[in-house]
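Hi everyone, thanks for coming. Today I'd like to walk you through the sheets of one protein model and the helices beside them.

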Amino acid sequence: MPEAILGISAFYHDSAAVLLVDGEVVAAAQEERFTRKKHDSEFPANAARYVLDEGGYTLADLTAVAFYDKPYLKFERLLETYNGFAPKGLKSFLSSMPVWIKEKLFMRRMLNEELAKLGPGKPKVLFPEHHLSHAASAFYPSPFEEAAILTVDGVGEWATTTIGKGSGKDVTILRELHFPHSLGLLYSAFTAFCGFKVNSGEYKLMGLAPYGSVGSEKIERWKKLVYEELIDVREDGSMLLNMDYFNYATGLTMCRNDKWEPLFGIPARQPESEIGQEYMDLALAIQQVTEEIVFKLAETARELTGCRNLVMAGGVALNCVANGKLIRRGTYDDVWIQPAAGDAGGALGAALAGWHIWQGRERIAQEHDAMRGAYLGPEFGPVSIERTARRYNAPCRKFDDFDELCAEVADKLAEGNAIGWFQGRMEYGPRALGNRSILGDPRHPEMQKKLNLKIKYREGFRPFAPSVMEEEIGNYFELDRPSPYMLVVAPVAEARRNPLPDGYDDMAMYERLYVLRSDIPAVTHVDYSARIQSVSSRTNPRYWQLIDAFRKNHGCGLVVNTSFNVRGEPIVCSPEDAYRCFMRTEMDCLVLGDRLFLKEEQPKWSEDGDWREHFELD
């Protein structure tokens, strides 16, 4: 019988489960998609049941279960940190220790108890280190036989950044940077100071940065303050943080506002308050600092390994602005980034480390990466979709010819409609890649505003990504390679840009936002950039077919793609999730498989009150 390993990440944020069979990724999913609790950190019982069922395995069939970090090492780090900073941190120590002493210190027992709920069987439990899990998730699924490995996040056990080398079945960690010195935590501290939620708002800070005053004296002065007061960065990219300014090591907050506020001359922004230009400038300053450090780390990795290709994972690898600039620097021939780069991807890396390192199994040569487009989650067939339509008494039109459906949806897009698009297997990782997406016409001047304010119910400054046919990338963007996982930002092609109006620099943020700066304004950010997803007919033929119909019938080879959810809610998983989200927003149309639902034909939604009250605003 083929050998199977179950990978698990849990108990911090973004819990997930992955099933690996003879080294191949069979299924992967995040727990939040099932529980509908965003960033769910509990043991991923639902996700584990799904991946086991998808592969046709029981717990008793497994060779091993791999957990994504070493709890004892993490506990050691906590104790040494509290001891090193004593008497500071007593309140944090007293709040965290009971959980560790009662539960996390006995992680093996706790895992075995949770696993026992999945059924009979007691497989061996493995505990690869956190950053080894990240490194394994980056290298083993990549298309490279050999590569430099860079992992950067907040913190694992002790490591916050590692440089390694992958070759064949072997991963070797060459350098480590240890807690509390962390690029990920530095970025999170600025996220918190600018009024966004840590571990979920970092991408908002990245999206805010282009509104900063590029090249201004203030930006340069603030960057100088960061380098002089907050961090000491060495030529190899390693750093020391001045912990007098930070509170995360022993406290309950990220930074010491009493020191940050006089340093930058502005107060910490309150969540949900108006965003002033000073916070846009601060976002740009830390974004540029982050990019400079990532470039140094990448260059050091190249020097240490001699490799011509780079792979990346860890939360900082989701900074797609830095990724795009790193690629354009040409330090490496190619760069591959794990689509589930954060903690959810640790489940995959743990399983892969179990297969290739613990079991010593060779990699299988492959032309493309092994992530299968990241379409690794649950799929719901026609019966489930029909059941949802029947449950809600929802009128819909069934198409026997998928070409006809694509042509109809393409027309709806061209008319300015926002369309929920639900197909095939759910994506693994934080991005919707065309199977659980909301789509729009990128040429429509009001589409960004409509999607942000009337459908996603989120901050209006947030940019949207284009899904572009792989064959059409060069017609729209300055990018010379595919970007299948929406992890690279690149400039919009010069020929598609419009000149900025007089007085642009004096405009308020939202006035600048709604300037039509290209012929695809809904996906063109204020700095003429776009976070690109290239769509291949090989990995997602249905999505590619829809965009191709839009190109043939309406002359545009890309669509706006945003995740099928609203603010504070995970991406939809099931047809019922999708229909409820469709009815609770101002979405115009919904496609579930081969069925088209039009909002105007649906029965009156019967839930009382403002449904947005049910979602946490992050």
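This is a predicted model: local features need pLDDT of at least 70, side-chain atom pairs count only at pLDDT 80 or more; totals for chains, interfaces and linings use all residues.

Residues are numbered from 1 along each chain as its sequence is written, and side-chain values use heavy atoms, leaving out hydrogens and water.

Helices (H or I, at least four residues) and strands (E, at least two) are DSSP runs, numbered from the N terminus. Two strands pair if DSSP finds at least two bridges between them.

Let's begin with the open, five-stranded sheet ordered E3-E2-E1-E4-E5, whose pairing is mixed. Strands E3 (24-30) and E5 (124-126) each have a single partner strand, so one side of each is left without a neighbour in the sheet. E4 (residues 64-67) runs parallel to E5, and three bridges join them. Ala64, for example, has Lys124 in E5 as its bridge partner.

Now a helix: H5 (residues 107-116) lies across E1, E4 and E5, at about 125 degrees to E5. Such angles run from 0 to 180 degrees between N-to-C directions, with axes fitted to C-alpha atoms, for helices over the stretch in contact; contact means heavy atoms within 4.5 Å.

On to the other open sheet of five strands: E8-E7-E6-E11-E12, again with mixed pairing. Which strands are at its edges? They are E8 (170-178) and E12 (334-337), each pairing on one side only. Inside this sheet, four bridges join the parallel strands E6 (residues 146-152) and E11 (residues 309-313). There, Ala148 stands opposite Leu310 in E11.
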